[in-house]
Amino acid sequence: MSPQRRIALVSVGAALVLIAVKLVTGLATGSLGLLSEAAHSGTDLVAALLTLFAVGVAGRPADPGHQYGHGKAEHLAALAEASILVVISLGISYTAIRRLAQGTGDVEATWYALLVVAVVIVIDASRTSVSLRASHRFRSPAFGASALHFGSDLAGSGAVLVGLLATRAGYPEGDAAAALFVAVLVLAAAGRLIRRNVDVLMDQAPREELAAARDAIEALEPGVTLR
């Protein structure tokens, strides 16, 4: 098994564990923040499965039907991930805003809920680090997308922890506010993913590399100005 597939399989397993833990704890405590994070982890699972698929497909050699190889499969996977993130975040936003407006939802910020979130934060930090290193090592946009996604999970989990602490201190709206914050993070991440991967699929030259090439040409040929 290749290192890429092994890392992707670990991500799938971690996503399954996080979904179960967040969902059970969220239902037990009534925390919208934890339930929103469970949904977010559901997209993690889809993202990890897409990455696993993309890594396998992208590694296939060129064939008569795909004369330039299958490398863009990873970018298609990242676009699919971004689309799922948009749908989930809109649902989270609607529920959080309704709860904030109506003041509904009883949340029990129990000690075990706080412990669960603390453990999740540690897991999110490790997954972000592993995916980021894999992205640099293998120059993989799919792993890069996963690192970005897991990083947003880390920020979201931190917000949920703050929301639960606020609820425990007597401010029950803190949980819904944390859920809304998670939704904003998801939308921002989705927007970045869509823009980056559409640019690649449309064969747009990377801005940084294009600028570097222009500077190199102008340095070799003084007086030549490139548009």
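Glu37 and Lys22 are both buried, where buried means under 20% relative accessible area, exposed over 50% and partly exposed in between, with a 1.4 Å probe and protein chains only. Let me start with that pair.

This is a predicted model, in which local features need pLDDT of at least 70, side-chain atom pairs count only at pLDDT 80 or more, and totals for chains, interfaces and linings use all residues. Residues are numbered from 1 along each chain as its sequence is written, and side-chain values use heavy atoms, with hydrogens and water left out.

Now, the charges. Side chains of opposite charge can pair when their charged atoms come close. How many salt bridges does a search of the whole structure find? Two. The term means a side-chain nitrogen of Lys or Arg within 4 Å of a carboxyl oxygen of Asp or Glu.

One joins Glu37 to Lys22, with the closest N and O atoms 3.0 Å apart. Glu37 sits in helix H2 (residues 32-58) and Lys22 in helix H1 (residues 3-29), 15 residues apart. Helices here are DSSP runs (H or I, at least four residues), numbered from the N terminus.

Another joins Asp175 and Arg99, at 3.7 Å from N to O. Asp175 lies in helix H6 and Arg99 in helix H3, so this pair ties together parts 76 residues apart in sequence. Both residues are buried. For Asp175 the relative accessible area is 0%. Leaving aside neighbours within four places in sequence, Asp175 is in contact (heavy atoms within 4.5 Å) with residues including Gly30, Arg99 and Thr167.

Next, the nonpolar side. A nonpolar core is a set of buried Ala, Val, Leu, Ile, Met, Phe, Trp, Tyr and Cys residues joined through side-chain atoms within 4.5 Å. The largest has 16 residues, and Leu34 and Leu164 are among those with the most contacts inside it. Helices H3, H4, H5 and H6 each supply at least two residues of this core. Which helix gives the most? H6, with four residues. A second, separate core of six residues includes Leu32 and Ala179.

Last, the aromatics. The whole structure holds one aromatic pair. Trp111 and Tyr112 are edge-to-face, 5.9 Å centre to centre, with 90° between the planes. Rings of Phe, Tyr and Trp (its six-membered ring) pair if their centres lie within 6.5 Å; planes under 30 degrees apart count as stacked, over 60 as edge-to-face and the rest as tilted. Trp111 is exposed at 61%, while Tyr112 is partly exposed at 32%.
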